[in-house]
Amino acid sequence: YSRAEQILDKVLEWNRENPDKTIMARGHVLLWHSQTPEWFFHKNYDKNEPYVSADEMNKRLEWYISEVLGHFTGEDSKYKGMFYGWDVVNEAISDATGTYRTDKENPDEALSEDRHGSNSSWWHIYQNEDFIVNAFVYANKYAPAELELYYNDYNECNIKKRKGIIELLTAVKNNEDARIDGMGMQGHYNVGSPS
């Protein structure tokens, strides 16, 4: 937690010294294909071992989300009340296909790379969007009720991708144990796009 805490400790100090100008934080992110190290998906946390099952991955996902949210937003956390929201899942929809990002998004990229550029080892294990829905179920279970939970993505102005994002949001909303409060939209704009 040390990198995040370096920043949060400064914000916490600011908030104590400036109670009329407090800064609230937004957590980013619990599940992102590109930032989950490859070893997290394998038996014995060794990327040279076989992939774990979806059931085992669910246990790991729940443990991770409970630990992170507990550390930063739990009753005993020094940061309790400092977060207004948290991005639960980031960039799970493909720009190329407008559907869920898979383990074959970029055929030129080895799935075994430690930092995935495009391919998703989450998808490799589940072969469906259950891991996305489960992330929102676990976030709902461990997040304080006042902490808003978000899906975050970019290029939502692309009609094909927007359709995939709506499908993802609908899948999460259709699960009664999941909670989603909004969607973050990154502004990756330039002079040529969007029109």
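Student: Leaving aside neighbours within four places in sequence, which residues is C157 in contact with?
Tutor: C157 is in contact with R162 and P194, once its neighbours within four places in sequence are left aside. Please keep in mind that this is a predicted model.

Student: Where is C157 found?
Tutor: C157 is found in the loop between strand 3 (148-153) and helix 5 (159-173).

Student: Is C157 buried, partly exposed or exposed?
Tutor: Its relative accessibility is 33%, so C157 counts as partly exposed.

Student: And what separates the C-alpha atoms of C157 and Y189?
Tutor: Those two C-alpha atoms are separated by 9.9 Å, while C157 and Y189 stand 32 residues apart along the chain.

Student: Back to P194. Is the peptide bond from S193 to P194 cis or trans?
Tutor: The bond from S193 to P194 is cis, and its omega is near -5°. P194 itself is found in the segment after strand 4 (182-185).

Student: What kind of peptide bond joins H28 and V29?
Tutor: H28 and V29 are joined by a cis peptide bond with omega of about 5°. V29 belongs to strand 1.

Student: Let us turn to the largest pocket. How much space lies in it?
Tutor: The largest pocket holds about 950 Å³ of space. It is lined by 29 residues, of which A4, H28, V29, Y64 and V68 are the closest to its centre.

Student: Which elements give two or more residues to that lining?
Tutor: They are helix 1 (2-17), strand 1 (25-32), helix 2 (54-73) and strand 2.

Student: Which element gives the most?
Tutor: Strand 1 does, with eight residues in the lining of the largest pocket.

Student: Now N90, please. Where does it lie, and in which element?
Tutor: N90 lies in strand 2. At 1% relative accessibility, N90 counts as buried, because the cut-off for buried is under 20% relative accessible area.

Student: What about R101, and where is it found?
Tutor: R101 is found in the loop between strand 2 (83-90) and helix 3 (121-126).

Student: What is the nearest side chain of opposite charge to R101?
Tutor: That is E105, 4.3 Å away. R101 is buried yet has no salt bridge, because a salt bridge requires a side-chain nitrogen of Lys or Arg within 4 Å of a carboxyl oxygen of Asp or Glu.

Student: Which backbone oxygen lies 3.3 Å from a polar atom of the R101 side chain?
Tutor: It is the backbone oxygen of S118. S118 is also one of the contacts of R101 beyond four places in sequence, and the others include H33, E91, S120, W123 and Y154.

Student: One last topic, backbone angles. What is phi of Y45?
Tutor: Phi of Y45 is near 50°, which is positive in a residue other than glycine. Y45 is in the loop between strand 1 and helix 2, and at 42% relative accessibility it counts as partly exposed.

Student: And what is phi of N155?
Tutor: N155 has a positive phi of about 60°, although it is not a glycine. N155 sits in the loop between strand 3 and helix 5 and is partly exposed, with a relative accessible area of 22%.

Technical notes: Residues are numbered from 1 along each chain as its sequence is written. This is a predicted model: local features need pLDDT of at least 70, side-chain atom pairs count only at pLDDT 80 or more; totals for chains, interfaces and linings use all residues. Side-chain values use heavy atoms; hydrogens and water are left out. Helices (H or I, at least four residues) and strands (E, at least two) are DSSP runs, numbered from the N terminus. Buried means under 20% relative accessible area, exposed over 50%, partly exposed in between (1.4 Å probe, protein chains only). Lys and Arg count as positive and Asp and Glu as negative; His and the chain ends are not counted. A polar contact is a pair of N or O atoms within 3.5 Å; within protein, one must be able to donate a hydrogen and the other to accept it, and residues adjacent in sequence count only if both atoms are side-chain atoms. Contact means heavy atoms within 4.5 Å. On a 1 Å grid over the protein atoms alone, a cavity is a set of points where a 1.4 Å probe fits but cannot get out, and a pocket is an open set with protein on both sides within 12 Å along at least five of seven lines; lining residues have an atom within 4 Å of a point. Grid points are joined across faces, edges and corners, and a volume is the space filled by probe spheres set on the points.
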